[in-house]
Amino acid sequence: MANLCPPLSAGEDTFELHSLQLELEAVEKQIQELLVRQTELRERRAALESSRVSIQRDTNTLTTSTPCASLHRSRAPWTRSSQMSFTPAPGHHGPWVQQQRKTRARPRPRTSPPPPPPVFEISTRNRFAPLRETERDAVIVGDSIVRYVRATLAKGKVHTHCFPGARVLDVSAQIPAILKDGESVGAIVLHAGVNDTKLRQTEVLKRDFSSLIETVRSTSPATRIIVSGPLPTYRRGHERLFRADGLHPSRVGAELLSDNISRTLRSI
């Protein structure tokens with residue numbers, strides 16, 4: 001492709017050369033100023049370093065050569081001389097010699113600080129457990145039916161104690177150990193009897209349940225008692241609520257039993 005830019009004339013060359021010359025002189029002037037500034041800065045740095053070394057040398061000299069004067073005073077101040085006495089000079093009979101004794105000031109007796117005032121502890125514990133307003137935990141005690149029961153409270157925890165194969169009197173024997181701290185248990189859910197119904201002794205089962213309830217009352221009088229179960233036997237149409245043995249609740253049945261117990265605990 002041909003060059004379309006026309007050649008510069010002689011006047012234009014002279015103008016451009018003059019502009020370049022002026023720009024070059026300005027650049028050289030800036031370089032000279034920077035060199036002068038560099039020289040000044042180097043001299044200033046050398047002076048500061050020399051001054052710092054001199055100050056450190058003087059400081060070290062003062063530290064090693066200046067002795068430390070003791071400013072401690074004698075602990076026992078001297079007082080005015082005591083009463084003058086006249087005794088004869090030892091070894092010969094001569095004129096009386098005046099002797100002057102110096103005595104130390106008696107230290108002031110130290111007084112111990114007064115004993116602190118007696119502290120009286122006032123017990124704020126409420127002996128009447130039913131009047132407590134704080135939420136307390138609950139427990140579920142039973143046989144293998146409650147193995148997977150997980151009830152909940154609005155405030156507090158629910159602890160499940162499962163004893164597989166236990167009858168009503170077996171559960172009653174575990175109550176003192178479970179309710180050893182009766183003040184922390186607000187309610188107890190008793191779910192037992194499924195292993196007693198096999199014996200078909202109704203009157204014996206009633207007597208055993210009465211004994212279980214009396215054991216709970218005597219161990220923790222403030223604990224509320226809730227009797228749950230035994231569950232009904234297997235029926236057609238409710239297969240999903242029981243396991244294959246037709247006795248123990250399935251996962252769905254355990255969740256349903258847990259919901260029923262939770263609603264009961266929250267309503268009391």
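Predicted model: local features only at pLDDT ≥ 70, side-chain atom pairs only at ≥ 80, totals over all residues.

Me: What makes up the secondary structure of the chain, and in what pattern?
Reply: The chain has four helices and six strands. Along the sequence they follow the pattern α-β-β-β-β-α-β-α-β-α.

Me: How much of the chain counts as buried?
Reply: The figure is 22% of the 268 residues. A residue counts as buried when its relative accessible area is under 20%.

Me: Why is Val 168 called buried?
Reply: Val 168 has a relative accessible area of 0%. The cut-off for buried is under 20%, so Val 168 is buried.

Me: Where is Val 168, and what is it in contact with beyond its neighbours in sequence?
Reply: Val 168 is in helix α2. Leaving aside neighbours within four places in sequence, its contacts are Ala 192, Gly 193, Asp 196, Leu 205, Asp 208, Phe 209 and Leu 212. Asp 143 is 25 residues from Val 168 in sequence, and their C-alpha atoms are 8.8 Å apart.

Me: How do you know that the buried residues of α2 line one face of the helix?
Reply: The buried residues of α2 are Val 168, Val 171, Ser 172, Ile 175 and Ile 178. Viewed down the axis of α2, they fall within an arc of 115 degrees, so they line one face. Ala 173 and Ala 177, on the other side of α2, are exposed.

Me: What covers the buried residues of α2?
Reply: The cover includes β3 (137–142), β4 (158–162), β5 and α3.

Me: How do you know that the length of α3 agrees with its number of residues?
Reply: Helix α3 covers residues 202–219, which is 18 residues. At 1.5 Å a residue, α3 should span 26 Å. The end C-alpha atoms of α3 are 26 Å apart, so the two values agree.

Me: Which residues of α3 are buried, and what makes them a face?
Reply: Leu 205, Asp 208, Phe 209, Leu 212, Thr 215 and Val 216 are buried in α3. Down the axis of α3, the buried residues lie within an arc of 120 degrees, so they line one face of the helix. On the other side of α3, Glu 203, Arg 207 and Ser 218 are exposed. The buried residues of α3 pack against α2 (168–178), β5 (185–191) and β6 (224–228).

Me: Why is Ser 210 called partly exposed?
Reply: Ser 210, found in helix α3, has a relative accessible area of 44%. Buried means under 20% and exposed means over 50%, so 44% falls in between and Ser 210 is partly exposed.

Me: Why is α2 called roughly parallel to α3?
Reply: Two packed helices are described by the angle between their axes and the distance between the axes. For α2 and α3 the angle is about 5 degrees, and the axes are 9 Å apart. Angles under 35 degrees count as roughly parallel, so α2 is roughly parallel to α3.

Me: Which residues of α2 and α3 meet, and of what class are they?
Reply: From α2, the residues are Val 168, Leu 169, Val 171, Ser 172, Ile 175 and Pro 176. From α3, they are Leu 205, Asp 208, Phe 209, Ser 211, Leu 212, Thr 215, Val 216 and Thr 219. By class, this contact has nine nonpolar, four polar and one charged residues.

Me: How do you know that the span of α4 agrees with expectation?
Reply: The 17 residues of α4 should span 24 Å at 1.5 Å a residue. The end C-alpha atoms of α4 are 25 Å apart, which agrees.

Me: Which residues of α4 are buried, and what covers them?
Reply: They are Gly 253, Ala 254, Leu 257, Ser 258, Ile 261, Ser 262 and Leu 265. Their cover includes β3, β4, β5 and β6.

Me: Why does Ser 250 count as buried?
Reply: Ser 250 has 13% relative accessibility. Buried means under 20%, so Ser 250 counts as buried. Ser 250 is in the loop between β6 and α4 (251–267). Beyond neighbours within four places in sequence, Ser 250 is in contact with Arg 240, Leu 241, Phe 242 and Arg 243.

Me: What makes Asp 245 partly exposed?
Reply: Asp 245 also lies in the loop between β6 and α4. Its relative accessible area is 47%. That value is between the cut-offs of 20% and 50%, so Asp 245 is partly exposed.

Conventions:
Residues numbered from 1 in each chain as written. Heavy atoms only, no water. Helix = DSSP H or I, 4+ residues; strand = E, 2+ residues; numbered from the N terminus. Expected span 1.5 Å × (residues − 1). Buried < 20%, exposed > 50% of the residue type's maximum accessible area, 1.4 Å probe, protein only. Arc of directions from axis to C-beta. Contact = heavy atoms within 4.5 Å. Axes fitted to C-alpha atoms, helices over the stretch in contact; angles between N-to-C directions. Parallel < 35°, antiparallel > 145°, perpendicular 65-115°, else oblique. Nonpolar A, V, L, I, M, F, W, Y, C, P; charged D, E, K, R; others polar.
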